[in-house]
Amino acid sequence: MSANTEPPPQGSDVIVVPPGERMWRRLLTAAADNLEPLMNVYRPYVDGLDNLPADGRFLIVGNHTQMSMAEIVMIPYYVRHAIGKQVRPLADRQFGKAGGLQGDLIAAYGAVVGSPETAGALMRQDQTILVFPGGGREIAKFKGEEYRLRWENRSGFARLAADHDYPIVTAALVGADDVYTSLVTRDSVLGRFSTWLGRRTGGPPDMAMPLLRGVGPTLIPRPQRMYLRFGPPISTALPEGVEREAWIAKIKTDVQAKLEAELADLQQIRSTDPYRELNPLAWRSAIMPASAPA
């Protein structure tokens with residue numbers, strides 16, 4: 001399926017993309033549209049594409065992993081190929097405001113800074129939006145934190161969805177937290193030292209870097225199969241007689257519970273999959289969704 005070429009929001013909701021990003025946008029679009037051979041080799045487990053509303057008017061809520069590029073690439077790729085819509089990720093403010101090449105790449109990918117103003121502008125234009133409520137702090141995983149959502153009191157996505165009557169689709173990804181093994185817990189001596197060091201160097205304390213290993217004692221990521229599932233749309237329309245703040249809290253709780261349940265289910269599927277570590281001898285035995293073509 002070819003790239004979606006929808007125009008950016010117009011009028012008062014226009015989101016300006018500097019001219020210098022056009023080259024990167026063309027290159028990234030071409031790369032995204034030619035990922036099928038790579039996907040066929042890695043044979044990811046992808047379920048729930050039939051849950052995606054065809055009109056593209058929905059908010060995707062996902063989990064961040066240690067290999068964050070996995071979800072950032074896979075979710076938009078499969079949405080584009082299923083319904084032909086470009087996904088607009090809401091970047092963590094620390095990354096979204098980056099300058100130079102990093103900032104150009106983020107913007108060229110279609111991402112915008114995850115503020116209520118920009119998200120609202122996209123919703124008024126019925127765009128397909130992707131958000132990770134845990135933000136960047138959900139990427140660094142200490143021992144025992146794999147596939148754990150770190151949303152705390154972050155309910156802005158639920159408020160925005162309710163304000164615009166925007167359906168929410170969960171996107172659970174398993175596999176990318178297994179490319180590295182975290183060696184220490186957050187409350188260990190080394191974990192607390194990492195938090196202190198991050199604070200001293202000006203970084204957020206909740207984004208401290210854990211001690212990791214990949215292949216053997218190295219930081220080379222272990223090859224892992226990915227497991228992605230899109231859940232059915234969750235309505236955010238305010239029911240009659242329900243107090244707004246209570247409804248927003250319920251949306252956040254329901255979406256988090258749904259995503260956690262999907263993550264647990266995918267981990268169970270992964271545990272019995274002989275192809276989970278991309279063993280070529282088990283390629284034809286890879287577990288596939290029941291809805292997948294034979």
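**A friendly note on this predicted model**

1. Let's start at the surface, where Leu-38, Val-41 and Tyr-42 make up a nonpolar patch with about 290 Å² of accessible area together. Patches consist of residues with over 30% relative accessible area and no salt bridge, nonpolar side chains (Val, Leu, Ile, Met, Phe, Trp, Tyr) being joined within 5 Å and like charges within 9 Å. A salt bridge is a side-chain nitrogen of Lys or Arg within 4 Å of a carboxyl oxygen of Asp or Glu. Areas come from the Shrake-Rupley method with a 1.4 Å probe, and for residues only the protein chains shown count as cover.

2. This is a predicted model: local features need pLDDT of at least 70 and side-chain atom pairs pLDDT 80 or more, while totals for chains, interfaces and linings use all residues. Residues are numbered from 1 along each chain as its sequence is written, and side-chain values use heavy atoms, leaving out hydrogens and water.

3. Tyr-42 belongs to helix α2 (residues 36-42); helices (H or I, at least four residues) and strands (E, at least two) are DSSP runs, numbered from the N terminus. Tyr-42 counts as partly exposed because its relative accessibility is 40%; buried means under 20%, exposed over 50%, and partly exposed in between (1.4 Å probe, protein chains only).

4. Strand β5 (residues 128-131) is covered on both faces, with Thr-128 and Leu-130 buried on one side and Ile-129 and Val-131 on the other.

5. Strand β2 (residues 59-62) runs parallel to β5, joined by three bridges, and Leu-59 is opposite Ile-129. Strand β3 (residues 87-91) is also parallel to β5, through three bridges, with Val-87 partnering Thr-128.

Notes: Pairing = 2+ DSSP bridges.
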